[in-house]
Structure formats: C-alpha cells, structure tokens
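Here's a quick briefing on how two chains sit together. Have a look at the model first, then we'll go through it.

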There are 2 protein chains.
Amino acid sequence: MNILQYLNVHNLSFAKFVVLPFPKKIMLRTHTCGELTIRDTGKNVTLCGWVQGTRDLGGMTFVDLRDRYGITQLLFNMDVNPALCERARTFGREFVVSATGKVTVRSNKNPKMVTGDIEIEVEELEILNASKTPPFTVEEQSDGGDDLRMKFRFIDLRRTPVQKNIILRHCLAQEVRNYFNKNNFLEIETPFLIKSTPEGARDFIVPSRMNPGQFYALPQSPQIFKQLLMVSGYDRYYQIVRCFRDEDLRADRQPEFTQIDCEMSFVTREDTLFMFEGMMKHLFRTIKNIELPDFPRINYDEAMAYYGTDKPDLRFGMKIEDITELVKGKGFKILDEAEFIGGICATGCSEYSRKQLDELTEYVKRPQIGAGGLIYVKFTPGDTVKSSVDKFYSADDLKRWGKIDNAKEGDLLLILAGKKVKTLKALSELRLEMGRRLNLMDREKFSPLWVINFPLFEWDEETQRWYAVHHPFTAPNPEDAHFIEGDPGRVRANAYDMVINGIELGGGSIRIHSRNMQERIFRRLGFSETEAQEKFGFLMKAFEFGAPPHGGIAFGFDRICALFGGSDSIRDFIAFPKNNAARDMMTDAPAQVTHDQLKELSLEITHPC
Amino acid sequence: MNILQYLNVHNLSFAKFVVLPFPKKIMLRTHTCGELTIRDTGKNVTLCGWVQGTRDLGGMTFVDLRDRYGITQLLFNMDVNPALCERARTFGREFVVSATGKVTVRSNKNPKMVTGDIEIEVEELEILNASKTPPFTVEEQSDGGDDLRMKFRFIDLRRTPVQKNIILRHCLAQEVRNYFNKNNFLEIETPFLIKSTPEGARDFIVPSRMNPGQFYALPQSPQIFKQLLMVSGYDRYYQIVRCFRDEDLRADRQPEFTQIDCEMSFVTREDTLFMFEGMMKHLFRTIKNIELPDFPRINYDEAMAYYGTDKPDLRFGMKIEDITELVKGKGFKILDEAEFIGGICATGCSEYSRKQLDELTEYVKRPQIGAGGLIYVKFTPGDTVKSSVDKFYSADDLKRWGKIDNAKEGDLLLILAGKKVKTLKALSELRLEMGRRLNLMDREKFSPLWVINFPLFEWDEETQRWYAVHHPFTAPNPEDAHFIEGDPGRVRANAYDMVINGIELGGGSIRIHSRNMQERIFRRLGFSETEAQEKFGFLMKAFEFGAPPHGGIAFGFDRICALFGGSDSIRDFIAFPKNNAARDMMTDAPAQVTHDQLKELSLEITHPC
C-alpha cells in the first residue's frame, strides 16, 4: 500500500497535503509514481523511482516503480521490445531507474491503488543508479532487526510506515504553526549556545575556543529566553525548537528532542489553558478529523489519589479506591500494619483463572513495581465472594470492599497494600496493565485532560533541600504564596500539564514576573544571593524594568507525533534518532576528535577511551 | 510611530499578519493598544501595556500606553478623578499598567496613528509592574550605545525598529514554508548532535558523557543528512535550521546562524534554479509586493573579470575593464611591469576635486584593499583629458582608455594596477565605494542573479593541496569530469550561488550520487581511503543502495532578513545575538562550568582562564 492510500484508509485528513498537484517543471520526470490514472491514458510520460519488485511472466515483465507518492506498474513486452524486456529483467530491488512510455489501461486492475487502473508500456529505460541487494526488505513489515535498520537508516526510512510517520510529523508542524500564526503569535528563534545553569537535568556543554576554559550549554528549553521576550513586549511567542538533555537514556528518551515552546503576556491560567487546549483541538481537527470536547481538569492531589499518577489515562475508569479503614482491624497482621490499602475493580473478570491471577501477582512483584503481593476478591455469580484472604475476612467484610468502583457480580477486585506513595504507584501500573488486558486502551480513542494545582516544591531526602517540581520560574498560586517560607510543601503551583491517554504531552505555568517573588523562591530553593545573581542575575534585572504578567507551555513534539501516529515510541518519528547509548549508529557518532581540535579548545581527556 | 504604521508607511504587505483580529478570550485586557478606532467610541475597554510617556497639562494628564500592536492614549482628568490622575502622574517610563475606561473621541486627533482618533477616559488603573528608569530611551533612535543595548537586550528588543525586524523575520519564515509546502517539500528535522568531520570550517564539539573521550559536533549544515534523505526517497526536503561554525568572527558573522536548507531528487541544475529562484520571487511578492524578473545568470569567470568578485552588486553597471594591453609599452615602468591594469568609469565625476580623489586614493591604499595607488583620468568638457599620469601618456593614449564603459565627456576613469587577482579585488571594492558615493545602491532596488560554473577545486599554496570550493559533495559539470585527475583546476562545478545586491544569499549544487565519482573526488582532495571511509563511509555506502540524482541549496536566512529589512547587519535580525567575541553580553555566556561537570565528562582544562 502506498502512502496516499495509507492515509486514506486511516482516514487521515492530511491527505490534503499529499494530493497537491505536482509542479510540472521537471526535467528528469514528467509525473510522480503516485498520480497517473485512467484519465491519463495515452499520454507519454517519464517516471523515476525505485524498483520495488519485478515479476517475470515469460512473455511480459512487470516492474513496480516506487517513489514517495506511490507505486506505478511498468510493462515490458517480449514481443514488442525483447532487448528492453531483457534489461528490465536484470533490475534488482531498489535500483533507481527512469522509464519513458505510454500510459495504458491495465487488463488486471488493482482497485487498492490510486494508479491501479493503468500501467506504462515502457519504450525507453535508463538505470540512474544500481543498488546492491539491501540488507533487509523495504516492505511494510521489514525482516531487518532494530540494530541493522538503524545502521542502514537511509534504507529503513524508505519503508511506508516510517515514511508515513515523517510525513505526519511534517503535517503536524505546519498545523502547529498555522494555529499560532492565526492567533497572533510570533515565531522567534532563541540561541542554542547559552549559559550553563546546572539546575534540573544535566546540560550538554560546548567548549568555547575564543574564551578558553569557558563553555556554552545547549538549551534544555528556551525557558529564560521566552520569558525575556515577554519582558520585551513580544506578547505572544512560539517556536518548534530542538532541546537537549544529557540524561541517562530510558526506552523512550533521546538526548535531543523537539519542543513546541510558547509564551503569552497579560494572561491568567484560564487564558493559557484556553489557548493551548485550542492548539491541541486544532491538531486533532485538522490532522485526524476529530473534534475533541473541552478538556476536563483534575487536581494533582486527585490524580494521585484516584490514579496513582500525575498523568492518568482516562480512556477507561477503574479508579483506585482507598479502603484502608475498611480493611484494618480484622487481625490480618500484614494488612493491619499497612500504611495504605487500595484497590481497583476489574469489571467482568471474576472468572479469572489461577494462572491469570498468578500472572498479575508476578506483574506487581516485578522490581520496577515492587509490590509484596496481590490480594484479589472475586464477586462470583449468586452473590458469593471468593478471595485470597478468605481466612481473615468474612463474606460480609469482603462485600463491603465492593465499594471500590461499585463492584457487582462478575467483577474482580485487585488490592495492594503497603507504603502509601509506593502502593499508589503500583496500583497505577496494575490499572494500566488491566487496561491493556481488557483492551480498554484503544489507540484511536483520545482522552485529554489538564492536571492542575501541582505542588510548587518537593522535598528531597537525600540532599535535604526543597526542589522546584517544575522549574524555579513557576509562580505559586497567589493564595498560597504566604506559605513559601514557613510551609513550602503546602504551596501549590500555578502550573498545568496536558495529558492525553496517559502521556504527558505538555507542561507549563504562569511565571513569576516580580523580582521580589523570584528572590523568595530562589532563597527557598537554597540558592545563595551570589549564586542566584550569577546564574539568573540578568533575569532578575529584567524583572525590574517592566516585566508583564506572563505564562506559557512547552509541548513534547516528538510525543505528540507518536500519539497521533498510534505508536509508543518517539524514535519512530525522528528521521535520524540515537540509540539508548546516545549513539547515531549510522554515522557512528559520537567519535574521537583530533588532538589539534582539543588543543585549540584548551582541553585534555582525563580517561581516554 | 508604531509597528503597524511603520509597516504601512513602508508599504510592507506583511501588514496582513499584524491586523488579524485579536482573539477576544483575554482576561487581563479586552483589546490591544493598536486596534481601537472611532468605531469603538463608547465601549468600555481594558488595555495593558508599557508607559511610553506621560504629559501633564495641569488639569489633564495623558499617558501613551504601548504594546506590540501600537500605542493608545490614556486620559486622566483632574476634575473627574483627581486621585487617579495623581497616580498616573507617578508613572515612570516602561511601567507596566492596566487601564480600564471608556473609548472617547479625541479633540486633538493624530492622523498618523491607527488609534489616533480616540483616547481612553480611564476609570480604573492598576500598576502591574513598576520599572526602574531604563538605561537608554525606548525610542526609534535610542540614546544607548551598542554594548549597553546588548547588555540590556530585553529592553532594546522593545524598540520599534528592532521589533519590526523580528516581526519581518517571522513573516519571512512563514512565507518560506508556505512556498515549499505548496511545492510538495517536506519539512524534516535533522540531528544537532552529529559526527565531527573537520573539513571546511571549524566544528563546535560537544563532549559525550556516556561515551567518555568521544565528542559530537554541532552541524555546520545538515548537508549529509539531507543527501541521505534523498537516498531515502523523500524527494523534496526543506528545513529552517540553526547551524554552527567556530570561526573567528568578522563584523557580520555569528557562531550560530540560521539556514534555509533544501534538497530535491531527480533534478538537473535547471530544476533547482527554477525552484529556488521561485522561492525568492515568492518572498519578494508576498513580503514586499515586488515582482522580480527572471534572474540573469553569470559565469564565475565573467563575474570575476567584470566585477572582481563572485557576488557582484548589479544595481549599477560600472563594469571593470581590462586595459593592460592598451596601457603598457609607453615607458611608465610601474605600469609596464604590472601583471594587470584595469579600471572603472565613474559617470559624471570628471569634476571630482583633489580632495575627493585623495580620499579615493586613501580608500584603495587601506590595508584591507592594499592597492599601491590610484590613477585617474578625467574626461573634461571640450573633449580634453586630465590625468594623474599625464607625464607618461598623451591625450590620445588616455582617450583610448576611454573604452572603459564607453567613457564620455564628464566621466572619470579610476585605474588600478598590480597582481591580477589582488587588483581585481581592489577594483571591486573601489566600484562599491563609488556606488555608495554616487547613491547607486538604493536599498529598495533589488538586483538578483545566479553565479554559475564555479571551479570545483582550488589550489592552496600553503598546504600544497586542492580544496573543494563549495564542499566535497558537489558534482562536477559532466563535460569536465575527465579533468579531475589530470587538470583539476579546469573542472567546473555544477554549482550555483544566488546573489542579490552584492550579497550571497544562497549557494547550492547538483550533488554527486555515485560512489565511484565520490571516491574520485575524495582522492583528488587528498583523503586516504581510510580517512574517506572513516569520515564518510556511511554516505558512500548509501550511494551503493539506490541513490537518486539530486541537488539543492542552502540560503542564509539571517542575510535574507537583513536584505529585506534594508540593513547590512544580520545581528539586527537576531533576537539574542552574540558579539564579536562570540559572547552573549546579556547572560554572560560562555562561562566557567563546575569541576563536577568536567569530571563527569572526563575532561580537564589545560590553560584555565
């Protein structure tokens, strides 16, 4: 299936992009491989593309010629031009060829292809470039392993699913800009060689040759620059911009990633939520033809209590319920001593087998989740209950636990106990696992929400200090500001995260715009006056010269692409991604540099590899 | 004058951007400072903005309130609300205030402003943020010096001329994308952390913590990745992308700059010239309302011979003429021994004074130009000639030199002699100086051209080897390919530069797409097989797996902005530029990093600063 068809079949309205007429000023070809139909019969055309495959039927040879726009069938007839036909038979896969001939109606039409009604009776043929046999098949499902495909990324990028992702990304970027342009935002570029301010994640740093011993940092985000743009009166700013974090890479992290970065002046939280919710609705409308309803909002505290996470997947219910008080005091020591007992209700799962329950127990006991065990209660037919703790609890006791999600006959309660924070997190994972098992996580269903009223600070036991949950420029909720000095844990942030299907797509806040408030926050975070001045002196100075109230957001563009493309992996939506060791396997970067390069930078390697 | 007016006065059609209706979902304000007119009389409105200035007329106080969209006059009446009026009188420049009141018709209208017919009778007033007195005036012409304004860039960015530049840049970026999107190009992001290939300019490098002793480089351009995208079948690619070069900075260089990067497959030079000329025409049409004619093309050799440069300014003629043979042999030793003698004709300048001619002589003798002296010939009224070399040349001799640009009565010939390359370069500078003096370089006149048929290689005396004039991926003109090994200086490149008004805005070429040809070029450039393999092995491998013919261009986006904005300095079009020492004076980057940061990167500084 070609891209156009793929888009059509998936009802993706960005087909409008792909079907634009191809400009006719083309020297090596007259048409693409995706546009000729029965209306073009009789035309003399020249196509260029890659050989997808050849079929030799004795008297005739068919070649499928592929380009970004589609596939067109070339016909070579042994009776008409045996020499040409013989040449076509020498084509290997991925040869690049140019073919000239007449558009004719196919006898054996293929209704699944735009070009399926026609073929080209080839009269002239040129091999523009031969190809070795590719190391894996260039098909929807390739036979190449991950590493091989990453090493030959330039071939992998030819496969339809990858091409579709890259085109989707292009379309999303254009629609992001359309939205912000219509709303009077200015796209303004911010610098990449900036000052290192090691707070939060680790910076990539860049040695300066002209300033020996000094370094730039690559931006983790343009946060400070966009705030300065607000101070400068630009009012509404956006940018689709690369950002960098030198973190230990997990499955779906990249050392460089792309952010949709936005900021607005003279706004309250209502304005920013309205504007940025509008962006997401615009993307769904234009790219997926889906009208999203207004996004519900949920407090951070509620998200943690009901879903055990600050990015709940609301495609399904299965809320966590705290049943600590209900459970305790029946003489089962482990539970009586637990700080927290909570559970979820898996609708219609009362018939789960021993094996299924064992699997779930194994799941929650995995070290990443770390629960001690799993308690189940089956609400079986005939108003009976059956549980793994029948010894300690009467049927009436257990039925009372059924308040969890109003469990009914046929349902299954899954219960965990232990330290509150850890248990809630484990319940969150268990809830998602049940969502997967029960097919409640439809990739074509989208459940957006805002999480609001995050805490502003969190206490770190190890370093014995308060950290900013988002970043130190986030404004406190005005009514909580008086707690900053005395009871920082109570201060809620004027911040918000956009979550869809359990993925945090964006996070932002109303910012501090007063020097006095910014100083209070820096003090609370343990910055000395000197430190604050050295790192952020220019920002605090800027606040003294007419800083307006402002706020904004940053979206993870790679994640948005993955969500729209129905994938869990951002890597599939990046043309040249890095692997988990932060290496580009195709070019083999990073690599050693020359001694001269290091000398010019006044650097020495302390532990050469 | 506010921005909107500025745009209108300058007949800039990107006003269409600025006048879009402002979305009404705004909490802190109901309108901007640039939109209220007599049609809004009687409305209750809230505006937010910066105090541009206050005028106290005893009974009344006027405040000019400014935002990105314009200026609106606020009126405070001592008779109506003396307390409010007193408060308004305390406003300093750049205070951020919110004012609510009724739109009324002004008695003293200002037809130069969109909002000049109305004022706001203020009823409520809030100071959103006070401001210290800014260190320079926020006016069209500021009283602040360069360094001060760079240090307080967040204030300088408020000035109308700077704001106009940043808005122009935004508009240009959108129109670039509109053009390429319409032409089926895909915007594809390429990596920033890539492999260092020290060839051409110096790379910025980035130490890898996860791969100790190894480094990424920041891209000087996405050249190789865009070629790989063509190998991958993406057919048409573009990107507005940051690039990095660690060069010693001249007046108008920045260590990071922005490129419009493009590439197309299955094209010849005609296709790429057509497509990219089309982009520039589109920008002039949409942004400046100017229809450019088809771009003339000039061979590199002719550009050098007639203008002494490969980026001639064609807004005026004044071609250089080689008069070596005409001049020699009259016994004036210096000229008789010169390798080259050439001149230009300054129309209507025969009356130039001694002082003016001395100035020109000083000009060409400056070390950057380095001419030994300047010879002049005046074609004075009455068919007489007067020159600085009358002793050696008869009037008839001198009249024969008048073949330069067909000099007529009233004209002035300016002649330089010496080594050919150096003298042509000096004549080129002299020509531009005369263009400036004669006002032939109108900023609102645009003379585009293509320079084609560059040499592919140039010989470097110092290192005794051939270098690629553009880069090693440029294809030779097919008819010259057989000179690569034997006579590389004769090989012309299938390359092209776009030049407007003497500024090289873009350069590109048809690329090599065959492994064999790429290997020949690498060999010619003196790369060993191992070197070529190590640096560009993946590219040569890619050429073995179906690389199509392809070509492209990269435009200097900062330069395009400067040209459209009528400025010589790209720095004026960058929100946060660096100075000539590659420093950001506002944030004071680069800076020292912590010992821990270096240790994690296995690095040591050899000469701490």
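Through which surface do the copies, chain B and chain A, meet? It's the same surface on both, since 100% of the interface residues of chain B are also interface residues in chain A. Keep in mind that this is a predicted model.

**Interface area**
- Chain B puts 141 residues into the contact, and chain A puts in 141 residues.
- About 12400 Å² gets buried between chain B and chain A, with 59% of it on carbon and sulfur atoms.
- On the chain B side, B:E189, B:F266 and B:F545 lose the most area to chain A, together 7% of what that side buries.

- The rule picks up 16 salt bridges between chain B and chain A.
- One to look up is B:R242 with A:E189, where the closest N and O atoms are 3.2 Å apart.
- Helix α6 of chain B (residues 160-182) gives the most to the side that touches chain A, with 11 residues.

**Nonpolar core**
- The largest nonpolar core has 188 residues, and A:M280 and B:M280 touch the most other members.
- Skipping neighbours within four places in sequence, A:M280 is in contact with A:F295, A:M498, A:I500, A:L505, A:F555, A:I560 and A:F564.

Key:
Residues numbered from 1 in each chain as written. Chains lettered and ligands numbered in written order. Predicted model: local features only at pLDDT ≥ 70, side-chain atom pairs only at ≥ 80, totals over all residues. Heavy atoms only, no water. Core = buried A, V, L, I, M, F, W, Y, C linked by side-chain atoms within 4.5 Å. Buried < 20%, exposed > 50% of the residue type's maximum accessible area, 1.4 Å probe, protein only. Contact = heavy atoms within 4.5 Å. Buried area = accessible area lost by both parts, 1.4 Å probe. Salt bridge = Lys/Arg side-chain N within 4 Å of Asp/Glu carboxyl O. Helix = DSSP H or I, 4+ residues; strand = E, 2+ residues; numbered from the N terminus.
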